[in-house]
Amino acid sequence: MELGLIEKREQRFTRADILRKGVALLAFVFIFAVVLKQFNGADTFWKGFRDSYLIWLIIDWYDALVLDCIWFCHSKKVRIPGTENMEEYKDYRFHIKQSCIGMLLGLPACLAVGVITAIL
């Protein structure tokens with residue numbers, strides 16, 4: 001906000017934001033369940049949940065370890081102008097902590113994928 005890159009809002013998420021993200025999440029869950037069922041042979045809740053969560057973990061860990069800890073912590077080319085002095089760029093603990101939060105955030109979506117997989 002201080003740099004003028006984003007605007008200040010009274011609310012973090014508006015109703016339109018929540019609705020848009022909810023619809024996107026439902027579409028993702030349904031499409032992912034269909035793909036796992038058709039191409040991966042997932043036909044039970046546990047197979048759908050397991051497969052979707054493993055994919056979630058691979059993406060989360062790649063983001064934390066490769067992109068954040070290796071690339072962003074060591075390259076100044078990917079930094080947003082005006083944020084060069086932020087300590088988070090070099091703080092490995094910050095990136096790993098965010099990855100752990102991301103692991104927890106994936107659970108509801110992957111549980112929903114498991115349910116849809118079992119229903120299909």
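This is a predicted model: local features need pLDDT of at least 70, side-chain atom pairs count only at pLDDT 80 or more; totals for chains, interfaces and linings use all residues.
Helix α2 itself covers residues 45-72, and a cluster of aromatic rings links Phe 45, Trp 46, Phe 49 and Tyr 53.

**Helix α2 and its buried residues**
- Helix α2 bends by about 25°, and the bend is at Asp 63.
- The buried residues of α2 include Gly 48, Asp 51, Ser 52, Leu 57 and Asp 60.
- Ala 64, Asp 68 and Cys 69 are also among the buried residues of this helix.

**Aromatic pairs**
- Searching the whole structure turns up 5 aromatic pairs.
- One of the pairs is Phe 45 with Trp 46: the ring centres are 4.9 Å apart and the planes meet at 75°, so this pair is edge-to-face.
- Phe 49 and Tyr 53 form a stacked pair, because their planes are at 10°, with ring centres 5.7 Å apart.
- Along helix α2, Phe 49 and Tyr 53 are 4 residues apart, which is about one turn of the helix.

**How accessible the cluster residues are**
- Trp 46 is exposed, because its relative accessible area is 62%, over the 50% cut-off.
- Phe 45 has 22% relative accessibility, so this residue counts as partly exposed.
- Phe 49 is buried, with 15% relative accessibility.
- Tyr 53 also has a relative accessible area of 15%, so Tyr 53 is buried; the cut-off for buried is under 20%.

Definitions and conventions:
Residues are numbered from 1 along each chain as its sequence is written. Side-chain values use heavy atoms; hydrogens and water are left out. The bend at a residue is the angle between axes fitted to the seven residues ending there and the seven starting there. Helices (H or I, at least four residues) and strands (E, at least two) are DSSP runs, numbered from the N terminus. Buried means under 20% relative accessible area, exposed over 50%, partly exposed in between (1.4 Å probe, protein chains only). Rings of Phe, Tyr and Trp (its six-membered ring) pair if their centres lie within 6.5 Å; planes under 30 degrees apart count as stacked, over 60 as edge-to-face and the rest as tilted.
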